[in-house]
Amino acid sequence: MSSSFGKVLAIVSSLFLAHSAYSTYEHRAYLKAVDQTEASLPIEITVECLLAAFVTLVGVVISAQPFKNILFSSYMATMTIDQVDTTPSFVSFNHRRIVSTQGQLERKL
């Protein structure tokens with residue numbers, strides 16, 4: 001349940017963050033229209049932007065899944081023997097050593 005709550009919280013606060021960005025754009029456009037380039041951003045827009053960014057971060061952290069263990073032993077404990085031993089057991093490479101040794105003996109002679 002907390003995962004879905006975190007996702008909803010992140011989406012809603014992202015919308016508020018987009019609203020604060022749009023409000024900033026509109027305020028800057030208004031300042032250009034009235035030739036006031038030295039005016040600062042209103043405190044309401046600043047607070048909305050910072051609060052929305054923080055709540056978005058909290059929503060993402062709440063909705064994140066728990067970390068997975070990175071130890072190989074814990075990963076191997078969840079696997080069956082069929083998943084672990086996938087190599088063909090009928091393949092034998094012992095014959096190469098014998099052939100290779102006989103070939104080397106013939107070359108020395």
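Helices here are DSSP runs (H or I, at least four residues), numbered from the N terminus.

I started with Thr 56, which sits in helix α2. Before going on, I noted that this is a predicted model, where local features need pLDDT of at least 70, side-chain atom pairs count only at pLDDT 80 or more, and totals for chains, interfaces and linings use all residues. Residues are numbered from 1 along each chain as its sequence is written, and side-chain values use heavy atoms, with hydrogens and water left out.

Is Thr 56 buried or exposed? Thr 56 counts as buried because its relative accessibility is 13%; buried means under 20% relative accessible area, exposed over 50%, partly exposed in between (1.4 Å probe, protein chains only). I then looked up its contacts (heavy atoms within 4.5 Å). Leaving aside neighbours within four places in sequence, Thr 56 touches Ala 10, Ser 13 and Ser 14.

Next I took α2 as a whole. Which residues of α2 are buried? I found Ile 45, Glu 48, Ala 52, Thr 56, Gly 59 and Ser 63. They share one side of α2, because they cover an arc of only 65° around the axis, taken from the directions from the helix axis to the C-beta atoms. The cover over these buried residues includes α1. On the other side of α2, I see Ile 43, Leu 50, Leu 51, Phe 54, Leu 57 and Val 61 exposed.

Last, I checked Phe 16, which belongs to helix α1 (residues 2–33). Phe 16 counts as partly exposed, because its relative accessibility is 47%.

Terms used: Helix = DSSP H or I, 4+ residues; strand = E, 2+ residues; numbered from the N terminus.
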